[in-house]
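Please read the following account with the sequence and the model side by side.

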Amino acid sequence: MAILLDPDKIELKNLEQLIEKINQSPATHIFVGGSIVRNTILEDLIEILKQKTNLPVILFPGDPSQISPKADGILFLSLLSGRNPDYLIEYQVQAAPILKKTNLEVISTGYILIESGNETAVARVSKTKPLSRENLDLVLATAQAGELLGNQLIYLEAGSGAKHPVPTEMIKLVAQNVRIPVIVGGGIVDLHGIQKAYAAGADLVVIGTAFENNSHFFDL
């Protein structure tokens, strides 16, 4: 399970309390990034997380400006569900020379945005339309295309602030028909939601806003 931290939603003065919550949670990874990061605390945030937790810190960037050599690794995302060339390949081209100068573990990730009941930041910023939550065959074909292209992970994303999480039947279909790990995130608001995603076949579940806002997130 990964806790996603958006630097734009973090105040360093309140970070100690959040880190305590993370350390008391069953999290195995910390993801850091956002669709747009306007502030300048990214490297300070990563440095503090590395000092105060024993969890790997993985970059989850919206663009190449969110690369930091202080992290442990990076999800090298390609937005397979959209047709905006910036998010399919252009930002990756810009990022490649930067990444080659770091020791980050680069994890090729096929990123698939799923319709979730409202416009999320990912859809707005990337100017792409999410795939329909009803069209399971198209989502599966997109995930399989990512696998055949050499992606190491498939990320099914409902988006931050999603009204609805990725459907469990979609998670199950993709997980049973690709040989690479499946990450699921967006719209998961409680422990029951995490358990449903795992039961459907997710290898890793990502939570963010709900965890930050709910001190009893993991209570049954």
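The buried residues of α6 (168–177) are covered by elements that include α5, β6, β7 (182–185) and α7. Contact, the criterion for covering, means heavy atoms within 4.5 Å. The model is predicted, so local features need pLDDT of at least 70 and side-chain atom pairs count only at pLDDT 80 or more, while totals for chains, interfaces and linings use all residues. Residues are numbered from 1 along each chain as its sequence is written, and side-chain values use heavy atoms, with hydrogens and water left out.

Within α6, Met170, Ile171 and Val174 are buried. Because they span an arc of only 100 degrees around the axis, they lie on the same side of α6. Buried means under 20% relative accessible area, exposed means over 50%, and partly exposed is in between (1.4 Å probe, protein chains only). The arc is that of the directions from the helix axis to the C-beta atoms. An α-helix has 3.6 residues a turn, so residues three or four places apart point the same way.

Two helix pairs involve α6. Two packed helices are described by the angle between their axes and the distance between the axes. Axes are lines fitted to C-alpha atoms, for helices over the stretch in contact, and angles run from 0 to 180 degrees between N-to-C directions. Helix α5 (residues 136–148) packs on α6 at an angle of about 35 degrees, with the axes 10 Å apart, and the crossing of α5 and α6 is right-handed. A crossing is right-handed if the near helix is turned clockwise from the far one by less than a right angle, and left-handed if anticlockwise. On the α5 side the contact is made by Leu136, Val139, Leu140, Ala143, Gln144 and Glu147, and on the α6 side by Glu169, Met170, Leu173, Val174 and Asn177. By class, seven residues of this contact are nonpolar, two polar and two charged. Ala, Val, Leu, Ile, Met, Phe, Trp, Tyr, Cys and Pro count as nonpolar, Asp, Glu, Lys and Arg as charged, and the others, Gly among them, as polar.

For α6 and α7, the angle is about 35 degrees and the axes are 8 Å apart. This crossing is right-handed too. Thr168, Ile171, Lys172 and Ala175 of α6 meet Lys196, Ala197 and Ala200 of α7. The contact of α6 with α7 has four nonpolar residues, one polar and two charged.

Helix α7 (residues 191–200) has Leu191, Gly193, Ile194, Ala197 and Ala200 buried. Among the elements that cover them are α6 and β8 (204–207). Just after α7, glycine 201 takes a positive phi of about 125 degrees.

Proline 167 counts as buried because its relative accessibility is 8%. Apart from neighbours within four places in sequence, proline 167 is in contact with Ile114 and Arg133.

Next come the nonpolar cores. A nonpolar core is a set of buried Ala, Val, Leu, Ile, Met, Phe, Trp, Tyr and Cys residues joined through side-chain atoms within 4.5 Å. The largest has 53 residues, of which Leu156 and Ile207 touch the most other members. Leaving out neighbours within four places in sequence, the contacts of isoleucine 207 are Met1, Ala2, Ile3, Leu4, Ile188, Ile194, Phe217 and Phe218. A second, separate core of 19 residues includes Leu75, Leu77, Tyr111 and Ala123.

In helix α1 (residues 15–24), the buried residues are Leu15, Leu18, Ile19, Lys21 and Ile22. They lie on the same side of α1, because their arc around the axis is only 155 degrees. The face turned away from that buried side carries the exposed residues Glu16, Gln17 and Gln24.

Lysine 127, in the loop between α4 (121–126) and α5, has a positive phi of about 55 degrees although it is not a glycine.

Key:
Helices (H or I, at least four residues) and strands (E, at least two) are DSSP runs, numbered from the N terminus.
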